[in-house]
Amino acid sequence: MELPQDFTERMKGQLNDGYADFLAEYAKERVYGLRCNPLKIDKEKLQSALFKAQIILDKVPWAEEGFYYSADAHPGKLPLHEAGAYYIQEPSAMIAARLLDPKPGENILDLCAAPGGKSTQIAGRMQGKGLLVSNEMIPQRAKTLSRNIERMGVSNAVVCNETPQHLAERFPLFFDKIMVDAPCSGEGMFRKDIQSRQEWSLEQVEVCAKRQQDILAQAAMMLKPGGVLVYSTCTFAPQENEQNAAWFVQQYPQFTLQKSEQIWPHLQRGEGHYAAKFIKKGTSVKEMNVTELSRKTTDTMKKIAAAERGKTTATTAYKKQIQTFCDYFTEFCEDVLTNEVQVWMFRQIAQGRLTVFGDQFYLLPSGMNSLDGLKTERAGLQLGCCKKNRFEPSHALAMALRPKEAKRILELEEPERYLRGETICCENQKGWTLVTVEGCSIGWGKAANGILKNHYPKGLRK
């Protein structure tokens with residue numbers, strides 16, 4: 001493999017005696033990994049299911065849900081992957097979420113989230129409780145992020161397509177934890193991606209380092225006192241790693257660097273990743289302007305909430321739309337979902353979590369009261385829409401449900417047929433049915449006369 005000369009010269013000075021071992025790694029096969037999704041399946045069941053497909057998993061030491069697999073395996077082609085049972089992710093990238101240590105019920109921001117590896121790892125540890133805001137500035141990448149959030153069955157995430165600056169204005173001192181997986185020079189991707197090698201330069205490293213500082217500055221304003229910020233990159237450049245960590249605590253003395261870790265390909269089984277964990281002690285002079293910003297933002301949010309209440313009260317058409325939805329959705333829930341899930345759904349609606357985008361209805365996660373003024377790709381859990389005098393559930397709702405939460409399920413014997421959009425034989429069932437593979441929900445079907453009509457989205461069919 002041909003590496004950039006400036007890169008090898010820098011690494012020689014950076015690693016000294018370890019350089020020869022580091023360089024030798026680039027003559028070897030890169031490392032492959034996947035991460036179990038606890039929202040869908042437990043680790044032991046996943047290992048057993050993949051073993052049947054002749055894929056042997058080996059534990060990643062720094063991520064309890066992470067596994068290695070061999071280069072000749074192709075887990076991305078299996079139906080279980082489409083069911084969101086696991087996420088294919090480079091093993092060293094799993095270390096950042098471990099340092100963040102997400103907990104159920106927290107408000108968490110993943111500021112640079114696409115394609116969704118760290119967001120879905122965070123979501124798995126949150127277990128559907130709390131608020132996860134996953135943000136991506138580039139619109140097409142935000143769509144990819146949203147699709148991965150849906151595939152993994154995440155119900156408590158809002159996917160935004162915003163600048164860090166705008167988010168900082170909207171959410172000052174709001175989040176318990178923030179992940180900043182910053183855009184970087186990508187040196188840890190050299191074995192995987194030839195483009196990253198071709199685009200690399202010393203100048204690019206400096207540009208990335210400055211951009212990372214700008215992003216960190218916005219993240220600092222959004223974290224609560226006592227909160228945790230994890231900064232990570234997939235590069236080895238000190239300017240983007242240790243030097244930026246030192247810059248951050250110098251510039252923002254209310255933060256302390258608690259811990260940092262670097263995965264090296266010649267020392268661990270990983271392509272390379274850096275992660276630093278910071279704790280915010282409290283408000284300093286540098287953030288006095290943020291307090292004023294927080295007050296202004298609170299006033300703005302109150303005005304938005306008042307406008308929403310006024311809209312709900314004053315607009316007859318809107319009230320009728322909500323009432324129609326509730327009528328049809330109630331019928332659907334009573335027919336398809338268990339009592340426990342019905343109670344949870346209607347509790348969220350009673351708490352004002354229901355929101356409408358076009359003809360689609362969503363449940364906003366707890367902690368997110370309004371999306372006005374935000375460029376939003378996904379507004380929480382998409383429920384579905386009303387058409388032809390009935391409720392039609394979304395694919396996202398199916399992916400977020402566990403089999404025990406549906407009254408009717410169909411475990412697929414030939415899941416490839418379902419993924420191609422074919423009809424399936426289905427005896428002794430009628431109505432909306434949750435379709436599963438290896439006990440993981442993968443979509444909807446509608447049963448009638450011994451046949452399950454396929455409702456797997458056309459855009460996802462194989």
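**Entry 1. Cavity**

How do the residues of the lining of the largest cavity divide into nonpolar, polar and charged? I found five nonpolar, three polar and two charged, where Ala, Val, Leu, Ile, Met, Phe, Trp, Tyr, Cys and Pro count as nonpolar, Asp, Glu, Lys and Arg as charged, and the others, Gly among them, as polar.

I note that the model is predicted: local features need pLDDT of at least 70 and side-chain atom pairs count only at pLDDT 80 or more, while totals for chains, interfaces and linings use all residues. Residues are numbered from 1 along each chain as its sequence is written, and side-chain values use heavy atoms, with hydrogens and water left out.

I looked up the cavities and found one of 30 Å³ or more. A cavity here is a set of points, on a 1 Å grid over the protein atoms alone, where a 1.4 Å probe fits but cannot get out; lining residues have an atom within 4 Å of a point. Grid points are joined across faces, edges and corners, and the volume is the space filled by probe spheres set on the points. The largest cavity holds about 50 Å³ of space. Its lining consists of I149, E150, G153, V154, R378, G380, L381, Q382, A396 and A400. At least two lining residues come from each of α7 (139–151), β15 (381–387) and α15 (395–400); helices (H or I, at least four residues) and strands (E, at least two) are DSSP runs, numbered from the N terminus.

**Entry 2. Nonpolar cores**

I then turned to the nonpolar cores, meaning sets of buried Ala, Val, Leu, Ile, Met, Phe, Trp, Tyr and Cys residues joined through side-chain atoms within 4.5 Å. Buried means under 20% relative accessible area, exposed over 50%, and partly exposed in between (1.4 Å probe, protein chains only). The largest core has 37 residues, of which L111, I178, V180, M222 and L229 touch the most other members. Among the elements that each supply at least two residues of this core are β6 (131–135), β8 (175–181) and β9 (223–233). Helix α10 gives the most, with seven residues. Another core lies apart from it, with 31 residues, including L39, I122, M152 and V154.

I looked up Q218, which is found in helix α10. Q218 counts as buried because its relative accessibility is 15%. Beyond its neighbours within four places in sequence, Q218 is in contact (heavy atoms within 4.5 Å) with P164, Q165 and A168.

S134 lies in strand β6 and is buried, at 0% relative accessible area. With neighbours within four places in sequence set aside, its contacts include D110, S119, L145 and I149. S134 and F346 are 212 residues apart in sequence and 25 Å apart in space, C-alpha to C-alpha.

**Entry 3. Aromatic pairs**

I found 27 aromatic pairs; rings of Phe, Tyr and Trp (its six-membered ring) pair if their centres lie within 6.5 Å, with planes under 30 degrees apart counted as stacked, over 60 as edge-to-face and the rest as tilted. F7 and F22 form a tilted pair, 6.2 Å centre to centre with 50° between the planes. This pair joins helix α1 (residues 5–15) to helix α2 (residues 19–24) across 15 residues.

What is the geometry of the rings of F7 and F190? Their centres are 5.0 Å apart and their planes stand at 75°, so the pair is edge-to-face. F190 sits in the loop between β8 and α9 (194–199), 183 residues from F7. F7 is buried at 0% relative accessibility, and F190 is buried with a relative accessible area of 0%.

I also recorded a cluster linked by ring pairs: F325, F329, F332, F346, F361, F391, W432 and W444.

Definitions and conventions:
On a 1 Å grid over the protein atoms alone, a cavity is a set of points where a 1.4 Å probe fits but cannot get out, and a pocket is an open set with protein on both sides within 12 Å along at least five of seven lines; lining residues have an atom within 4 Å of a point.
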